[in-house]
Amino acid sequence: MTKRILILGGDGFCGWPTALRLSGQGFEVAIVDNLSRRNIDNELCCESLTPIQTIGKRLQSWRDISGRDVPFFNLDIAAQPQELLACINQFKPAAIVHFAEQRAAPYSMKTAWHKRYTVDNNVSGTNNLLAAIVESGLDIHLVHLGTMGVYGYGRVSGAAIPEGYLPVQIETESGWQKTDILHPADPGSIYHTTKTIDQLLFYFYNKNDGLRITDLHQGVVWGTQTPETAQHPDLINRFDYDGDYGTVLNRFLMQSAIGHPLTVYGTGGQTRAFIHIRDTVRCIQLAVENPPAAGERVEIFNQVTETWTVAELAQKVARISGAQIRHYQNPRKEATHNKLVVDRNKFMGLGLNPTTLDEGLLDEVVDIARRYQDRCDVARILPSSRWTRQQSLDQQGEAAPVTVSNQATG
Ligand code: NAD
Ligand code: USQ
């Protein structure tokens, strides 16, 4: 029998290409989404740089092109637990991929309301899902999209971040005992904090109910299209570029296409982990195809392919496009410089062949950012959320540029 997979958050940036990939690979896929991300576009008065179609049009076009049907359930997993359970009981998935959370760190720090919304939505959604899986009595493998931000970004400089568990030795009455603990959490925003709470929920439901769970600690995703979304304009993936939802590399690519200076926050010495959207969908397929055995602890993978400083990214984009680099006062509270070494052997061991920055970069600039540059609202580019009350008072109005250069200073 074909494996059934329910994709929660399947209308989003990572969820949509994943749904198409798995459907195209012969899995029976259904999508759950409450379209909240599209409502947030309305709230922020900003749209995807790419002209994304309604979910109905997307699914109709996919049916026409592939001959495959993907049912859609419009429901809020944080607010409609009974409907979520009914959906699981009706579709009877072998695996559920959980993307359905508010995922922007700046949006989560905007106001007290945004902090409450992010915690309520993400933590309740994950708990409702876990409770529903238990209540269904079905043997379902849960694959969740976590974040590298649960670890902080290299608290012990130069020490590799392990895949979830840290081996430690604890002194006991009878000597030193070895054990594994979850790597200490060190979130840098309310959004990242919700992912650290998710981890504890997974730990508990795995221990108590024996749920089979894979948590994928993913880095910043860049790029837009996958082979499936590129098949027809109606299938195009979303491309966020605004100060809240746009992530750093896609923002730089878009900025270079429209002649805006690259917006480096602070020194640019922040090192982060990155992965192309094509590798995101491959990793999720690998995770779905390699579930932990019954009784095994929560499986944790680091879903990243390379690490760069923000300044290095800006320099790369400036070199290929001639863009100017501008340093702005950092709207966030984060280390000015950090080293980041990440253990990522598990996906490599399962056969992932990563897309690196240098291969894909030009294509993304030319094909997407330039093609849709007329849709960009320049007023949405600079950041509008601040991490602390003091920063809000100090950096009122537009983010102030602090230096301008043709080369980031790093
Ligand atoms: P996205 O906002 O584009 O997609 C999330 C989708 O979930 C949206 O379509 C939204 O409408 C839906 N959703 C949110 N809350 C919901 C709810 N309560 N009920 C039903 N649907 C709901 O985000 P994305 O970039 O696709 O990220 C997906 C997941 O991957 C997130 O959990 C995020 O934390 C994680 N992640 C993303 C990145 C990245 O760079 N984009 C990196 C690491 C991890
Ligand atoms: N940054 C800039 N200029 C910009 C935008 C960002 O210098 O114009 C800097 C930020 O200060 C930060 C770094 O770039 O140091 C990364 O910021 P980002 O917005 O690209 O990524 P982040 O806020 O960390 O969040 C994104 C996703 C989130 C995911 C996370 C993975 O939105 O869902 O969990 O990446 S990770 O960063 O590995 O935790």
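What follows is a set of questions and answers on this predicted model.

Me: How far is an oxygen atom of ligand 1 from an N or O atom in the side chain of Y191?
Reply: Polar contacts to ligand 1 involve both side chains and backbone: a polar side-chain atom of D33 lies 2.6 Å from an oxygen atom of the ligand, and a backbone N or O atom of S36 lies 3.1 Å from an oxygen atom of ligand 1. For the side chain of Y191, the distance from an N or O atom to an oxygen atom of ligand 1 is 2.5 Å.

Me: What percentage of the area that ligand 1 exposes when taken alone does the protein bury?
Reply: The reference here is ligand 1 taken alone, which exposes 830 Å². Of that area, the part buried by the protein is 97%.

Me: Which element gives the most residues to the shell around ligand 2?
Reply: Around ligand 2 there are 23 residues, of which T147, Y191, V248, T263 and E334 come nearest. In this shell, nine residues are nonpolar, nine polar and five charged. The elements that give two or more residues are α7 (190–209), α8 (248–258) and β10 (262–265). With three residues, the element that gives the most is β10.

Me: What is the distance between a polar side-chain atom of E334 and an oxygen atom of ligand 2?
Reply: Ligand 2 has an oxygen atom 2.9 Å from a polar backbone atom of Y265, and an oxygen atom 2.8 Å from an N or O atom in the side chain of Y153. For E334, a polar side-chain atom and an oxygen atom of ligand 2 are separated by 2.6 Å.

Me: What share of the area of ligand 2 does the protein bury?
Reply: Ligand 2 exposes 730 Å² when taken alone. The share of this area that the protein buries is 96%.

Me: Is T50 buried or exposed?
Reply: T50 is placed in the loop between α2 (36–44) and α3 (55–66), where its side chain makes a polar contact of 2.7 Å with the side chain of S48. Beyond its neighbours within four places in sequence, T50 is in contact with T224, I236, N237, R238, F239, I368, Y372 and R375. Its relative accessible area is 0%, and since buried means under 20%, T50 counts as buried.

Me: Which kind of aromatic pair do Y107 and Y117 form?
Reply: The structure holds five aromatic pairs. In the pair of Y107 and Y117, the centres are 6.5 Å apart and the planes stand at 85°; an angle over 60 degrees is the criterion for edge-to-face. The geometry of Y107 and Y117 is therefore classed as edge-to-face.

Me: Which helices does the pair of Y107 and Y117 tie together?
Reply: Y107 is buried, at 1% relative accessibility. The two partners are ten residues apart in sequence, so the pair ties together parts that lie in helix α5 (residues 105–108) and helix α6 (residues 112–136).

Me: Why is the pair of W113 and Y117 stacked?
Reply: W113, which at 43% relative accessibility counts as partly exposed, is four residues from Y117 in helix α6, so about one helical turn separates them. Their ring centres lie 5.3 Å apart, and planes under 30 degrees apart count as stacked. The pair is stacked because the angle between the planes is 0°.

Me: Which residues do ring pairs link into a cluster?
Reply: The pairs of Y107 with Y117 and of W113 with Y117 have Y117 as a partner. The cluster linked by ring pairs consists of Y107, W113, Y117 and Y245.

Me: How far apart are the C-alpha atoms of D377 and C45?
Reply: D377 lies in the loop between α12 (357–370) and α13 (389–394) and is partly exposed, with a relative accessible area of 30%. Leaving aside neighbours within four places in sequence, D377 is in contact with C45 and Y241. Although D377 and C45 are 332 residues apart along the chain, their C-alpha atoms are separated by 9.3 Å.

Conventions. Residues numbered from 1 in each chain as written. Chains lettered and ligands numbered in written order. Predicted model: local features only at pLDDT ≥ 70, side-chain atom pairs only at ≥ 80, totals over all residues. Heavy atoms only, no water. Near = heavy atom within 4 Å. Polar contact = N/O pair within 3.5 Å; in protein donor to acceptor, adjacent residues only side chain to side chain. Areas by Shrake-Rupley, 256 points an atom, 1.4 Å probe, with all protein chains shown as cover. Nonpolar A, V, L, I, M, F, W, Y, C, P; charged D, E, K, R; others polar. Buried < 20%, exposed > 50% of the residue type's maximum accessible area, 1.4 Å probe, protein only. Contact = heavy atoms within 4.5 Å. Phe/Tyr/Trp six-rings, centres within 6.5 Å; stacked < 30°, edge-to-face > 60°.
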